[in-house]
Amino acid sequence: MKHGNTQLKADMMLVLVTLCWGISYFMMDLCLDEMDPLTLNAYRFLGAFAVAALIAFKKIRNVNKRTLKYAFLISLSLIFVYVGATYGVKYTSQSNAGFFCATSTVFTPILAFVIKKVIPDKKLALVIVLCTIGVALMSLNGEFHIAVGDWLCLMCGFAYGIDLLITETAVAHEDVDAFQIGVYQLGFTGIWMLILSFVFETPCLPQSPACWISVIFLSIFCTGVAFVAQAIAQQYTTATHVGIIFALEPVFAGIVAFLFAGERLLPRAYFGAFLMLMSIIIMEVDIKSLFTKKVDKDRLDS
């Protein structure tokens, strides 16, 4: 049972997590002026793993092989998620990156149907139409081409959909600990990113105070603390609330880009962003259950 005050606190915690994720696109953009994407992700994930392990050491010290195996598999998908997101931010606007990375909401049920033969909800067709129109309005230029950065952010959304399916399969096993998977996947991803950064880049430390602050913020608040807070908060709220709150991530990203990066999109792009936000909310929120709960409440009050 979700008690009102406890659920409100959990929801506010998730709002703060989502706000941090929205800010992360601006922070990544700042860091990319001084360091390469793979290096940034190595710092981000290794730092996040250190923070999460420190906070929850007692919960992760006894881990079984199956949990580690799935954490390793998930980390492989996270490479594509964060390479897509970071390179995407480098080659497109922060606003576009925020919305296109959120397309995992649409990709996930499609992938579930293709891979696991799970019949999607009837509303998926509407969601795909709205999302496709939104992507076109936000990204197509005068020559009807989508920018490289936009494609990379869409790859991020696609890869995160795969990540969610692997995670869903993993936690279905009774001996797999979801919290431990979340922490260890941070460590595995950080190691992968560090190896790739030495192969393809020349790793370096941040040079300016702004970059140092951004890297620390991304590691601690956007990744390490955000994961722990999400794991705790989701125990005390509903899936519907989580869906609505997480749909705010691209909105926060767009607002931060508007206020601090001076990004201004074309009117059609803002309309496209609105359509994409609607598609995310429709996919995430069980509208029917909301009305059912309201009817039940009215009956109890009468």
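Is Asp175 buried, exposed or partly exposed? Asp175 counts as partly exposed because its relative accessibility is 37%, where buried means under 20% relative accessible area, exposed over 50%, and partly exposed in between (1.4 Å probe, protein chains only). The model is predicted: local features need pLDDT of at least 70 and side-chain atom pairs count only at pLDDT 80 or more, while totals for chains, interfaces and linings use all residues. Residues are numbered from 1 along each chain as its sequence is written, and side-chain values use heavy atoms, with hydrogens and water left out.

**Salt bridges**

- Two salt bridges are found in a search of the whole structure, each defined as a side-chain nitrogen of Lys or Arg within 4 Å of a carboxyl oxygen of Asp or Glu.
- Asp175 pairs with Arg66 in a salt bridge, at 3.0 Å from N to O.
- This pair links distant parts of the chain, 109 residues apart: Asp175 lies in the loop between helix 8 (148-171) and helix 9, and Arg66 lies in helix 4.
- Arg66 counts as partly exposed, at 32% relative accessibility.
- Glu168 forms a salt bridge with Lys116, and their closest N and O atoms are 3.1 Å apart.
- That pair also joins distant parts of the chain, with Glu168 in helix 8 and Lys116 in helix 6 (residues 104-116), 52 residues apart.
- Glu168 is partly exposed, with a relative accessible area of 45%, and Lys116 is partly exposed at 35%.

- Helices are DSSP runs (H or I, at least four residues), numbered from the N terminus.
- At the start of helix 4, a side-chain oxygen of Asn64 comes within 3.2 Å of the backbone nitrogen of Arg66.
- Helix 9 (residues 178-200) has 23 residues and reaches 32 Å between its first and last C-alpha, close to the expected 33 Å.
- At the start of helix 9, a side-chain oxygen of Asp177 lies within 2.9 Å of the backbone nitrogen of Phe179.

**Nonpolar surface patch**

- Leu46, Ile191, Leu194, Ile195, Phe198, Val199 and Phe200 form a nonpolar patch on the surface, with about 700 Å² of accessible area together.
- Helix 9 gives the most to this patch, with six residues.
- Leu194, located in helix 9, is partly exposed, with a relative accessible area of 35%.
- Patches are made of residues with over 30% relative accessible area and no salt bridge, with nonpolar side chains (Val, Leu, Ile, Met, Phe, Trp, Tyr) joined within 5 Å and like charges within 9 Å.
- Accessible areas come from the Shrake-Rupley method with a 1.4 Å probe, and for residues only the protein chains shown count as cover.

Notes
Helices (H or I, at least four residues) and strands (E, at least two) are DSSP runs, numbered from the N terminus. The expected span of a helix is 1.5 Å times one less than its number of residues. A polar contact is a pair of N or O atoms within 3.5 Å; within protein, one must be able to donate a hydrogen and the other to accept it, and residues adjacent in sequence count only if both atoms are side-chain atoms.
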